[in-house]
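I am opening a notebook on a structure that is new to me. The entries below set down what I looked up, in the order I looked.

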Amino acid sequence: PCLTRLCSPLAEKTGKVLGEFCRCYKEQYGVALFNSVRYEIEGNGGPQAQLLHRKVPLEDHVIYSGNLFQYIEENKKWRNRFCVVPHNYGLVLYENKLAYERELPPRVLINSAGYKVLTSVDQYLELVNSSLPGVTPKSGHSPILKCPTDFPLILWHPYARHYYFCVMTGKEQEKWRAVFQDCVRHCNNGISEDSKVEAPAFTDAIRMYRQSKEQYGTWDMLCGNETQVLSNLVMEELLPELRTTIGPRLKGKAQERQRTWIQISDAVYRMVYEQTKAQYDAAMAKCEQERPQMESTIRTDMDQIITSKEHLASKIRAFVLPKAEICVRNHVQPYISSILEALMTPTSQGFAEVREVFFKEVTDMNMNIVNEGGLEKLVEYMEKLSHLAFHPVKMQSCYEKMDQLKLEGLQQRFDVSSTSVFKQRAQIHMRQQMDDAVYTFETLLHQELGKLQGKDDLCKSIQRILERVLKKYDYDSSTVRKKFFREALLQITIPFLLKKLAPTCKGELAKFQELIFEDFASFILVENTYEEVVLQSVMKDIMQAVKEAAVQRKHNLYRDSMVLHNSDPNLHLLGEGIPIDWGEEYSGQTEAESAADKRRRAKQVVSVIQDDEGVLPYEVGAEELLQPGSPEPREPKEPEEPDPAAPPSSPDGVQEIREALAKESLGDIPSRASVQHSTPPSPKPRADVPSEATVPHATPAASPAPGAETPSPSTGTACHQPSDKETGEEVASPGGRCSPLQPTSTTESGEGVQTEF
């Protein structure tokens with residue numbers, strides 16, 4: 001079969017789904033714009049945060065970098081890759097560390113939104129087996145993937161291509177897993193909350209569209225930026241039909257059919273992504289074009305719009321509220337306290353752990369300053385502390401508290417497909433609160449430094465500032481958690497109520513449309529007003545439950561009436577100043593740095609992994625080319641061409657990985673006629689690898705455009721752009737044209753949906 005025959009039906013179906021969504025988006029855009037302008041005029045802000053908020057938290061930093069093995073499906077080989085995680089949390093894979101340092105184009109760029117991080121091949125095989133019903137390899141047959149070490153790291157996506165990695169030790173696996181999960185968590189949160197109109201319009205349009213298809217409750221694939229979320233929405237509808245059409249026509253053994261299905265799904269996802277991006281961008285541009293006129297109408301007729309909406313709400317309330325209150329009393333109210341307790345325990349433990357980690361890091365720093373020296377040591381420790389919130393490994397003990405979140409029977413009763421939405425949201429709040437605490441601490445300490453006399457004064461000042469910041473953290477933490485609990489309770493109960501009330505209420509809503517003036521129809525929707533009435537029916541019970549928990553001081557929550565008096569009236573003015581760079585300010589360096597020097601000096605948040613047993617065999621050097629016990633180097637063998645019909649062959653052990661890498665080093669590289677300059681192997685990692693304060697890593701430079709030439713620092717020749725043959729992958733069809741149904745994917749150079757940041 002060929003995707004060419006399916007292109008037209010797929011594009012037609014995608015266009016139909018997007019057309020319905022864009023209609024919802026246009027309706028919700030007007031409502032969101034009205035709400036934004038009304039909020040701007042009326043205010044209604046909550047309690048003021050006590051902690052400062054950092055505007056650019058990771059400038060000139062990378063989160064982590066290091067070596068791992070990647071399985072390349074196209075040539076069925078494991079390859080060493082140097083992986084860099086820059087400040088935008090993309091995964092950037094280079095041929096090796098030298099390629100990164102020379103600023104050569106990366107081999108792979110991965111946006112991890114929507115992915116799951118797996119550390120077991122069995123977990124992966126279970127998900128793969130369930131993705132194509134009826135296609136399961138028989139026991140004893142080779143699985144779709146064999147990992148050469150006991151420490152795999154697999155990125156699985158329900159629609160897009162999968163990525164396979166492995167490392168040599170459990171310690172590395174734990175660190176990479178924490179890093180990958182942080183990338184997924186950050187990329188999933190891709191819809192900017194700074195947008196007060198577009199973001200709520202988009203999320204409300206997604207919800208309204210799904211509810212029109214009788215799909216209520218939380219949705220696991222609300223992940224990534226708007227185009228990714230919309231692509232997931234389309235794929236959710238396309239995939240069952242695609243599976244029914246194509247599944248029975250797949251040929252070969254079970255493993256081959258599974259592999260082909262994954263590649264087909266990925267190819268379709270990329271086609272959908274391109275069409276979605278174009279159609280959504282056009283819809284958004286049209287709304288933006290109409291915005292000035294709409295906003296002018298809102299500001300001119302604000303009072304009349306509010307009066308009209310209140311009149312509509314009163315009529316809907318009279319019709320809906322009696323039914324809604326009965327439903328709340330019988331089906332929701334008895335369970336609110338149970339849901340709240342289930343949410344409060346792990347969330348509050350996570351925030352308590354954030355407090356503990358922050359306290360421990362500052363206290364350890366203070367003790368080290370006492371024992372080791374004054375200002376110089378302070379600068380070194382503050383550079384590390386300033387990015388504590390973005391250290392996936394140190395924050396892991398906070399994040400994993402949310403793994404205890406279980407709604408048990410409540411999950412089935414309220415049709416909550418998964419608790420992952422709430423876990424991820426709480427973890428993002430934890431990271432933000434940690435960074436706010438750290439930033440407030442370093443701002444106050446920086447202000448005090450000029451007044452201090454000697455080491456003793458410095459240590460006392462650190463302790464005093466720590467206590468002040470912890471008080472502010474406790475207050476802000478309570479505020480953030482109470483808001484999170486209220487929002488989570490609404491997310492769980494409102495869809496349940498809407499589904500319960502739909503048979504008796506939804507069909508009657510059309511008669512209320514005549515109550516809206518035509519001039520205001522863009523800003524007042526019957527469906528939205530109906531949902532607000534349903535929300536009001538349960539909001540009182542939710543507010544009361546959270547208030548009672550605070551009155552009882554459960555989990556260190558503060559009462560709403562508790563207001564922390566501002567002991568630092570000028571603190572927020574300090575937060576508006578120039579960001580503090582401890583290294584530059586106190587290093588005594590006065591000369592301006594070049595971009596290359598700055599890149600080399602860039603700090604890394606997570607330190608390089610140290611292996612107690614010696615050097616890890618990622619980078620191939622002369623030592624690896626010798627057989628154990630043999631003084632002579634092995635003769636290189638010509639690399640064999642992989643049989644396309646053969647099952648994937650994977651080295652079964654570390655020794656075979658070393659042999660494979662040695663073959664690649666001696667055999668593959670000279671045979672690549674298109675390589676314009678030879679790249680010497682990177683040096684092996686030394687035992688005295690520098691810590692994060694001195695690791696010369698930085699955010700990778702943008703890849704040059706196809707065909708562009710970049711001078712190589714070592715040879716002066718043109719920088720080679722990796723071809724599809726070198727990467728072992730096929731080039732995607734240009735312009736989104738249809739390609740064969742059999743294995744197709746984009747190049748590792750970064751073109752396609754999963755490579756956009």
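Which residues have the most contacts inside the largest nonpolar core? Before answering, I note that this is a predicted model, in which local features need pLDDT of at least 70 and side-chain atom pairs count only at pLDDT 80 or more, while totals for chains, interfaces and linings use all residues. Residues are numbered from 1 along each chain as its sequence is written, and side-chain values use heavy atoms, with hydrogens and water left out.

Entry on the cores. I found that the largest nonpolar core has 163 residues, and that Phe21, Phe358, Met365 and Phe441 have the most contacts inside it. Such a core is a set of buried Ala, Val, Leu, Ile, Met, Phe, Trp, Tyr and Cys residues joined through side-chain atoms within 4.5 Å; buried means under 20% relative accessible area, exposed over 50% and partly exposed in between, with a 1.4 Å probe and protein chains only. Helix 8 (residues 302–372) gives the most to this core, with 25 residues; helices (H or I, at least four residues) and strands (E, at least two) are DSSP runs numbered from the N terminus. I also noted a second, separate core of 17 residues, which includes Trp78, Val121, Val128 and Leu145.

Entry on Phe441. Leaving aside neighbours within four places in sequence, I listed the residues in contact with Phe441 (heavy atoms within 4.5 Å), among them Phe358, Met365, Met382 and Ile462.

Entry on strand 1. I see that 12 of the 12 residues of strand 1 (residues 61–72) are buried, so this strand is largely enclosed by the rest of the structure. Two strands pair if DSSP finds at least two bridges between them, and 10 bridges join strand 1 to strand 2 (residues 77–86), the two running antiparallel. They form a hairpin with 4 residues between them, and Lys76 in the turn has a positive phi of about 55°. Strand 1 is also joined by 2 bridges to the antiparallel strand 7 (residues 163–166), where Cys166 stands opposite Phe69.

Entry on helix 10. Which residues of helix 10 (residues 392–399) are buried? I found Pro392, Met395, Gln396, Cys398 and Tyr399. They lie on the same side of helix 10, because they cover an arc of only 160° around the axis, taken from the directions from the helix axis to the C-beta atoms. Strand 1 and helix 8 are among the elements that cover these buried residues.
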